[in-house]
Amino acid sequence: MEWRPTECLSQKIFATHRHALLILNSPITDLATFESLWCHANYTICADGGANRLYDSFGPVHEDSPHQDFLPDTICGDLDSIRPEVEAHYDELSVPIEHDRNQESTDMEKCFRTINKWRARHPIVNGSTFDVNVIGSLGGRVDQGFSLIHHLYRASSDPHFFSGNILLFSEESISFILQKGINTIHTPLSEGFLTENVGIIPIGGPAVISTQGLEWDVTDWKTEFGGQISTSNHIKRDVIVIHTTERVLFTVERAKDEAGQERFLRDITNQ
């Protein structure tokens, strides 16, 4: 398995590598990163209250708005969180709003079903590598944070949930589930998107891992909760390789892009 966690943070568009962007009900604090993820997305979807976050960050969309591009393709969920004025605004702009009353599934699950349906209707996307970038929070309620990780873990083994890679962009990190076997992760620190700090977390049970390209590489090293886990390790190569006997969570810290944030705010102000 090959991973390129920063490809949607660069200015290059990968025509053969397509993405959806899922916006959860979490504050959008890094506008420059959000813009990059949005620009790389072939499909954008807000999970219920995620529409509030989009609206609050960029304001209402109208003919003279500097934010006309930030109009989602779909809003989906049980609609218990979206504010009435936000729902009315996007409805007036003909954004499809899917009301799924099923209380046995989360809004994130509902959105992935919608993404799968959209993907099936678009053969060009369906026949290519297709990933989902998720904007969510790990800095709020602990149960909601664990729910996010649970969905990443479930999707990594259930093709009916989603077939493709899912990357979670939280306040300070990019996180994803490594598959059993060899995982090659492109981590060029020179691009300025990542720091050196990484962790490998055995969230599904004990695993045995071997690594190449970290400051503290290990070979046939057992990791489990209640035993040893790998946190605060450091990237030392542009490409790192991790072999694991079980699925594990990989997380890498994002670098602060204060210049990009200032540039984004200046650009939208001048529009």
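A pocket is an open set of points, on a 1 Å grid over the protein atoms alone, where a 1.4 Å probe fits and protein lies on both sides within 12 Å along at least five of seven lines; its lining residues have an atom within 4 Å of a point. Grid points are joined across faces, edges and corners, and a volume is the space filled by probe spheres set on the points.

The model is predicted: local features need pLDDT of at least 70, side-chain atom pairs count only at pLDDT 80 or more, and totals for chains, interfaces and linings use all residues. Residues are numbered from 1 along each chain as its sequence is written, and side-chain values use heavy atoms, with hydrogens and water left out.

**Pockets**

Nonpolar here covers Ala, Val, Leu, Ile, Met, Phe, Trp, Tyr, Cys and Pro; charged covers Asp, Glu, Lys and Arg; polar covers the others, Gly among them.

| Pocket | Volume | Lining by class |
|---|---|---|
| Largest pocket | about 590 Å³ | five nonpolar, 13 polar and six charged residues |
| Second largest pocket | about 410 Å³ | nine nonpolar, seven polar and two charged residues |

Around the second largest pocket there are 18 lining residues, and Leu138, Gly145, Phe146, Ile149 and Leu249 are the closest to its centre. Two or more lining residues come from each of α6, β8 (173-178) and β15 (248-254). Helices (H or I, at least four residues) and strands (E, at least two) are DSSP runs, numbered from the N terminus. The most is given by α6, with six residues.

For the largest pocket, the lining has 24 residues, and Leu24, Asn25, Asp107, Gln144 and Ser147 lie nearest the centre. Both α4 (107-120) and α6 (142-155) supply at least two residues of this lining. The largest share, four residues, comes from α6.

**An open sheet**

Five strands form an open sheet with mixed pairing, in the order β1-β9-β14-β11-β12. Its edge strands, β1 (2-3) and β12 (221-223), each pair on one side only. Two strands pair if DSSP finds at least two bridges between them. Strands β9 (residues 181-186) and β14 (residues 239-244) pair in the antiparallel sense over six bridges. Ile182 has His243 in β14 as its bridge partner.

**His40**

Helix α1 (residues 31-40) contains His40. Is His40 buried or exposed? His40 counts as buried because its relative accessibility is 10%, where buried means under 20% relative accessible area, exposed over 50%, and partly exposed in between (1.4 Å probe, protein chains only). A polar atom of the His40 side chain lies 2.9 Å from the backbone oxygen of Ser36.

Conventions:
Polar contact = N/O pair within 3.5 Å; in protein donor to acceptor, adjacent residues only side chain to side chain.
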